[in-house]
Structures are given as C-alpha cells and as structure tokens.
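Look at the sequence and the structure below.

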Amino acid sequence: MSNTSNNVAGVDNTFRRKFDREEYLERARERERQEEEGRAKPKGKGPPVQRKPLKHRDFEVNLESRLGKTQVVTPVAPLSQQAGYFCSVCECVVKDSANYLDHINGKKHQRALGMSMRAERSSLKQVQERFESLKKRKDIGSFTEQDFDERILKQQQEEEERKRLRREKKKEKKMEAIEEPEIDPDVAALMGFGGFRSSNKK
C-alpha cells in the first residue's frame with residue numbers, strides 16, 4: 001500500500017488558477033489604447049444650448065383662485081383637474097401653494113420655458129437709466145407737510161361722517177322699536193288687551 005502512494009507524484013491537486021502573464025499584459029495595453037482614443041474624441045453631445053437669462057414674470061400668480069372651494073377628486077381625472085396646482089408647462093401637479101411657487105421659480109420649470117438660472121448682467125448705462133427713472137418717480141410723488149396736513153384733515157372728516165351715519169342708524173333702530181306695531185282690533189279684543197303699551201304713560 002505504501003508503494004502505490006509513491007507512484008502518484010505527477011498529479012496537480014493544488015486547485016490554484018494559473019495566469020498567463022503575456023495574455024493579460026496584452027489586454028491591459030489594448031484597454032489603455034481604447035481609453036486614449038476615447039479622450040481624444042470629443043463627446044457626441046453637440047454644442048451647449050444657449051438659454052435666455054432670467055426675466056421678470058409678466059403675469060401675476062393667482063394662488064387664491066380656488067381658495068375655499070370644494071372639488072371632487074377622482075383618480076381617473078386628467079392632471080389639470082386633479083387636486084392641487086397644475087403646471088401646464090411641465091405638465092405636473094403640485095399639492096400646495098408653497099411648493100407650487102418653489103416649482104415655478106425652480107430650475108426645471110425655467111429650463112422648460114427656455115431660460116437659464118442666470119440673471120442678465122446689467123450694463124452701466126442700464127443702471128444709470130434705472131436710477132434716473134426712480135428719481136423722476138420720487139420727484140413726482142414728493143411729499144410735503146401741507147399734503148400731510150390735508151390728508152389728516154380728510155381722514156378726520158371721513159371719520160366724523162362715519163360716526164354721524166352710525167348715530168343716525170341707532171336713532172332709526174330706536175324709533176322702529178318704539179313704534180307700536182299694527183294690531184288688528186278684533187285679535188286684540190279676542191286676546192283680552194288693547195295693545196302692548198304700558199298702562200302708565202307720562
């Protein structure tokens with residue numbers, strides 16, 4: 001038995017993987033060549049898209065249009081009729097007004113409108129023109145002490161007029177309360193009294 005175990009010397013039982021170094025060196029060189037070619041070629045994205053700079057909204061956002069209204073919500077309704085605020089540009093529904101404002105001021109919405117998130121740089125001439133227009137507006141609406149006195153006088157007169165109208169309304173209500181309601185004499189006799197007045201008149 002011991003003789004047979006000595007004769008089996010040439011069997012590979014190490015289960016170790018053998019690597020061919022030349023083959024793997026060739027693969028590495030090929031991969032490096034492909035990477036260099038990829039760096040040399042420009043990516044196929046095309047020229048960058050030029051977008052308009054940000055500009056002011058030319059409409060007012062009406063967030064109170066559906067305030068206090070009841071709406072039936074069904075899962076099969078189109079997006080524009082679902083609960084929340086619908087953005088027709090991006091075709092999405094936002095659940096509340098704060099998120100709707102964030103959406104319409106955000107990057108995705110502005111890009112869909114064709115604008116970048118960068119504001120246009122103003123030139124020196126534009127800034128000077130803006131200052132001039134603001135100065136003119138300030139001069140037109142200049143405020144003097146006489147204007148202030150006139151406004152105070154006008155407010156006092158309006159307050160007096162409101163007080164006078166309130167007093168007149170109160171007097172009218174009192175007069176209506178004092179006036180005797182018209183009672184049919186037959187009904188009064190049937191009930192056993194002649195009227196609703198008190199018996200001692202002064």
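In this predicted model, the side chains of arginine 33 and glutamate 26 meet in a salt bridge, with N and O 3.9 Å apart. A salt bridge here is a side-chain nitrogen of Lys or Arg within 4 Å of a carboxyl oxygen of Asp or Glu. Side chains of opposite charge can pair when their charged atoms come close.

**How the model is read**

- Residues are numbered from 1 along each chain as its sequence is written, and side-chain values use heavy atoms, with hydrogens and water left out.
- The model is predicted, so local features need pLDDT of at least 70 and side-chain atom pairs count only at pLDDT 80 or more, while totals for chains, interfaces and linings use all residues.

**Salt bridges**

- The structure holds seven salt bridges.
- Arginine 33 is partly exposed, at 42% relative accessibility, and glutamate 26 is partly exposed with a relative accessible area of 42%.
- Partly exposed lies between two classes: buried means under 20% relative accessible area and exposed means over 50% (1.4 Å probe, protein chains only).
- Glu26 and Arg33 belong to a network of salt bridges that also links Arg29 and Glu30.
- Glutamate 23 pairs with arginine 27 in another salt bridge, where the closest N and O atoms are 3.0 Å apart.
- Both glutamate 23 and arginine 27 lie in helix 2 (residues 21–40), and their spacing of four residues is about one turn of the helix.
- Glutamate 23 is partly exposed, with a relative accessible area of 37%, and arginine 27 is partly exposed, with a value of 47%.
- Arginine 162 and glutamate 159 form a salt bridge at 2.6 Å, N to O.
- These two residues, arginine 162 and glutamate 159, are in helix 6 (residues 145–178), three residues apart, about one turn of the helix.
- The relative accessible area is 42% for arginine 162, which is partly exposed, and 29% for glutamate 159, also partly exposed.

**Serine 116**

- Serine 116 is part of strand 4 (residues 115–119).
- With a relative accessible area of 17%, serine 116 is buried.
- The side chain of serine 116 reaches the backbone nitrogen of arginine 118 at 3.3 Å.
- Leaving aside residues up to four places away in sequence, serine 116 touches Arg51, Lys52, Pro53 and Leu54; a contact means heavy atoms within 4.5 Å.

**The chain as a whole**

- The chain has seven helices and four strands, in the order α-α-β-β-β-α-α-β-α-α-α along the sequence.
- Helices (H or I, at least four residues) and strands (E, at least two) are DSSP runs, numbered from the N terminus.
- Of the 202 residues in the chain, 9% are buried.
- Counting contacts between residues at least 6 apart in sequence, 34% join residues at least 24 apart.
- The accessible surface of the chain is about 19,900 Å², and 52% of this belongs to carbon and sulfur atoms.
- Accessible areas come from the Shrake-Rupley method with a 1.4 Å probe, and for residues only the protein chains shown count as cover.

**The UniProt record**

- An unreviewed UniProt entry lists residues 82–116 as "domain: U1-type".
- UniProt positions follow the numbering used here, feature names are shortened, and annotations may be inferred rather than shown by experiment.
- The end C-alpha atoms of residues 82–116 are 29 Å apart, and the span is 40% helix and 23% strand.

Notes:
A polar contact is a pair of N or O atoms within 3.5 Å; within protein, one must be able to donate a hydrogen and the other to accept it, and residues adjacent in sequence count only if both atoms are side-chain atoms.
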